[in-house]
Structure formats: structure tokens, C-alpha cells
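Morning, everyone. Let me put the model up, and then we'll walk through it.

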Amino acid sequence: MAAKFGTYAVMAVILIFALGVVTLRNIFHCALCLAAALIGTAVLYVAFRAEYLAAIQILLYVGAVVTLIIFAIMLTEHLAGKTVRQNNSQSPLAIAGLLGFVALLTVVILKTPWPVTQTALKAKVSVMALGEALMGTYVFPFEVISIILIAALIGTVVIAKKDAPEERL
Amino acid sequence: MIGIPLSHILIFSLLLFAIGVYGALVRRNIIGILISIELMLNAANINLIAFSKYTSLSPATGQIFAIFVIAIAATAAAVGLAIVLALYRVRKTVYTDEVNLLKW
């Protein structure tokens, strides 16, 4: 019972921080709210018995991606500068469209008979099982991800490096 | 944990996804749009984990694909922010409505 209530509380906190991400005016505060929402998601993963995913979430998202975003913010913006308008004027239209989207999908979710199986509910996924699946069944997507990662790494360096001074012709 | 029905988790991640879409639609700052995209990917991950927990016959599948999504999200953030930095160096702005060089 307490675990159930706690999980709902974590969900509510994540939603509040997510609203902060899209509504706050200072983009630096948005990045901090994103970090908080991602940590909340890691807590949710622990509740789902996906401890390895929770560790990966903290390391990769909160550790790497949020740091990267904060670096980009500091390189492109004067934090103490004047506050500029952060949203464009499409807000009412976006809210109306998304309310329709959410209402439609909520009806669909509630009407679908989800095949919840007791075997899945009782199953425990160990890190060893994950590694075996990654090296066995899913070895091809794993290799594709490796290629994408190395391509993105090289591409990022090429895009972000300073242009060489003009060659004399 | 087992006490929560699957539909509640799905509705929660739907709300998270909708908030992310809202941010991606209304933000002027390109970094704000990237942050919103991270929120959306995060909502998709929660769905994957919930399905693997509740319905899957091989429970590792959902977690494996969540790992793939996290890897892709990291590359997306890195490439996107590199593009933002290159853009800022050339145009001195990170606001989408001020980058209208190709707009007719």
C-alpha cells in the first residue's frame, strides 16, 4: 500500500517537474527541472524492478545529457542577461490540440484489454539476462547502435569544431 | 508496485509525452526544444519498461529496447547541441524564429 502510494507520488512529482521544463522562462532552470524529472524516472524504474535501467538512466541521462545541455546553455546564453520571451504565440492552439490527443488516447488506453500475464509480473530480469539477450538475440541491433554511436561522435566533432582559416587560393 | 494497474502508468507516460510535445511546439529556444524531445523519449522509455514488466513473455526485451532508446537519445542530444553551437557561432542566436534565412 505504501509502495503504491509512493509510486503515485513519484509520478506526480515527475509531471510537476516536466511542466516546469516546458513553462519556466529561464532555460537554465528548465535544464535543472529536466534533471529532476529524469531522476524521478530512475526511481520509477527501481519500482518497476529494472535496477540496471535506473543506473543507466542516472549515468547517461542525468550524468551526460543534462551536463551537455547545461554546457550548451552556458555557451550560447548569458545567464544573468535579460529575460527574453521563451514561447512563441502558438500556445493556445498547441494546448487545444494536445488536449484532444490526450483525451483520445486515454479513451483508447482505458478501453483496451491489456494482456497482463502473471508470468511477466513475477519475472525478475537480472543484469546477466540482459547481457545475454544483448549478445545473443539482439546482437545485430547492438552492432547497429555501435555504428550509429561512432558516426554521431565523429559527426559531432566535425560540426562543432571551429572552421579552419580560409585556404589561400 | 504490483498494485498499480497498467493503464495508470500508460496514462502517466501519455501525459509526460504530451507535455514534451507542448514544449517542442511552443519553445523559441532551440535548446528548449531539445530538452522537450528528451522528455518525450523518456516517456516512451517508461512505456517500454511498463510493458516489459506487465505483459511481455520475455521480460528482457523491453529493457533492451529501452537501452537502445537511451543510446539514441544521447546521440540525438550530442548532435543537436553541436548543431546549435555551430548555428550560434554563425548567426549569434538560438531562437527558432530568428533563424529564417531559408524562409520564403
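Which residues in H1(A) meet which residues in H1(B)? Before I answer, some ground rules. This is a predicted model, where local features need pLDDT of at least 70, side-chain atom pairs count only at pLDDT 80 or more, and totals for chains, interfaces and linings use all residues. Residues are numbered from 1 along each chain as its sequence is written, while chains are lettered from A and ligands numbered from 1 in the order in which they are written.

Now the answer. From H1(A) we have A:Met11, A:Ile14, A:Leu15, A:Ala18, A:Leu19, A:Val21 and A:Val22. They meet B:Phe12, B:Leu15, B:Leu16, B:Ile19, B:Tyr22 and B:Gly23 in H1(B). Contact means C-beta atoms, placed from the backbone, within 7 Å. Helices are DSSP runs (H or I, at least four residues), numbered from the N terminus. By class, this contact has 12 nonpolar, 1 polar and no charged residues. Ala, Val, Leu, Ile, Met, Phe, Trp, Tyr, Cys and Pro count as nonpolar, Asp, Glu, Lys and Arg as charged, and the others, Gly among them, as polar.

Next, geometry. The axes of H1(A) and H1(B), residues 6–26 of chain B, come within 9 Å and cross at roughly 5°. Axes are lines fitted to C-alpha atoms, for helices over the stretch in contact, with angles from 0 to 180 degrees between N-to-C directions. So H1(A) is roughly parallel to H1(B), a label for angles under 35 degrees.

Now the whole contact. Chain A gives 74 residues and chain B gives 62 residues. On the chain A side, H3(A) supplies the largest share, 12 residues. That side divides into 57 nonpolar, 13 polar and 4 charged.

Definitions and conventions
Contact = placed C-beta atoms within 7 Å. Helix = DSSP H or I, 4+ residues; strand = E, 2+ residues; numbered from the N terminus. Parallel < 35°, antiparallel > 145°, perpendicular 65-115°, else oblique.
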